[in-house]
Amino acid sequence: MSAASPGTEPAASVTVPARPTSGGGKRVLLAKPRGYCAGVDRAVVAVEKALELYGPPVYVRKEIVHNRHVVDTLRQRGVIFVEETSEVPEGALVVFSAHGVSPAVHEEAKARDLRTIDATCPLVTKVHREVRRFAGEDYDILLIGHEGHEEVEGTSGEAPDRVQLVDTAEDVRKVTVRDPSKVVWLSQTTLSVDETMERVDQLRERFPEIADPPSDDICYATSNRQVAVKAMAAECDLVLVVGSRNSSNSKRLVEVALQAGARAARLVDYAHEVDQAWLEGVETVGVTSGASVPDVLVMELLEWLGERGWGDVQEVTTANEKIAFALPRELRGTGEGARSSVR
Ligand code: 10D
Ligand code: SF4
């Protein structure tokens, strides 16, 4: 992976405050960057704009992003979430989620005369383009990703005959290609950077000529959040990651925290889900959140911790993110630069 992700300024220096040496050492280390990425903010704004311009109901295929609070809030405002476009009434408006959809889904929507807004993150679209390009050049594409995840379903759908999903080490052992000199690996955007590199090493042992993606597929937000949690993990007795169970990048933060030396790590949607028993004997609590998580949920967790004695909060900054994306094409000119209100 590249040293600094695009749209990111590395912090001038990263200081992880040392533990207090004597008594009353309860403290919180708060990771930065955490929470909303540019693709999530754009997707949530797209739904808000659709509600504003066309009024409810607005249909959204799948969860716009994998966060319970975001989905529940938008549902209360008049969004109807569906699993498939076949559930959307003919002629109605449907938004495609940030995770992207296959060309077959676009075709189905067209056939049913649906009006569409495509909120696919531009960094996911970039991987779709790579699949089309390598498939066009007749490569076998080994897509590293998690089975059943919406993003890989959309990405694979660009060239189902050429893409094979590689999730586990066992998948690497089993996969076969037509011509080992014409094979490339690509990946889902929200994977563990370290685990992916392990998978790539295993693939390279089997296929020494395997080509790399033209640029990193794991996105800046995923890798920055992992770097931040890694920086503080070894100092933490417990890391609390705010995020939903179906959020790949949030779940990866729990794993990365544990691998980087946190004594324990847990995923919670809300502060009230924290079990008091997790805090027994704990001095340093690390806090971070996934790329689909509004910061208000992190603030509520800090308040909850503060009420229980963890009021000393120190931010550990490993990078400053500067990236923002233009609205989906269908919404251009409807007020650029807006930020989502579910934050
Ligand atoms: O599960 P996930 O990490 O891919 O999605 P989530 O909605 O939690 O975060 C945003 C990431 C997207 C839309 C994939 F690029
Ligand atoms: Fe885009 Fe990365 Fe955010 Fe996914 S996690 S929406 S790829 S910026």
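This is a predicted model: local features need pLDDT of at least 70, side-chain atom pairs count only at pLDDT 80 or more; totals for chains, interfaces and linings use all residues.

Residues are numbered from 1 along each chain as its sequence is written, chains are lettered from A and ligands numbered from 1 in the order in which they are written, and side-chain values use heavy atoms, with hydrogens and water left out.

**Ligand 2**

- Ligand 2 is surrounded by Cys 37, Gly 39, Cys 121, Leu 123, Thr 189, Cys 219 and Tyr 220, where a residue is near a molecule if one of its heavy atoms lies within 4 Å of it.
- By class, this shell around ligand 2 holds five nonpolar, two polar and no charged residues (Ala, Val, Leu, Ile, Met, Phe, Trp, Tyr, Cys and Pro count as nonpolar, Asp, Glu, Lys and Arg as charged, and the others, Gly among them, as polar).
- The largest cavity is where ligand 2 sits, which requires that more than half of its atoms lie within 2 Å of the grid points.
- On a 1 Å grid over the protein atoms alone, a cavity is a set of points where a 1.4 Å probe fits but cannot get out, whereas a pocket is an open set with protein on both sides within 12 Å along at least five of seven lines, and lining residues have an atom within 4 Å of a point.

**Pockets**

- The largest pocket holds about 650 Å³ of space, a volume being the space filled by probe spheres set on points joined across faces, edges and corners.
- Its lining has 30 residues, of which Tyr 36, Cys 37, Ile 323, Arg 339 and Arg 343 lie nearest the centre, and these 30 divide into 15 nonpolar, three polar and 12 charged.
- Helix 1 (38-54) gives the largest share of that lining, four residues (helices are DSSP runs of H or I, at least four residues, and strands of E, at least two, numbered from the N terminus).
- The second largest pocket, of about 430 Å³, is lined by 21 residues, with His 106, Asp 118, Thr 120, Thr 125 and Arg 329 nearest its centre.

**Exposed residues**

- Pro 208, in the loop between helix 7 (193-206) and helix 8 (220-233), counts as exposed because its relative accessibility is 62% (buried is under 20%, exposed over 50%, partly exposed in between, with a 1.4 Å probe and protein chains only).
- Ala 324, in the segment after strand 14 (319-321), is exposed at a relative accessible area of 65%.
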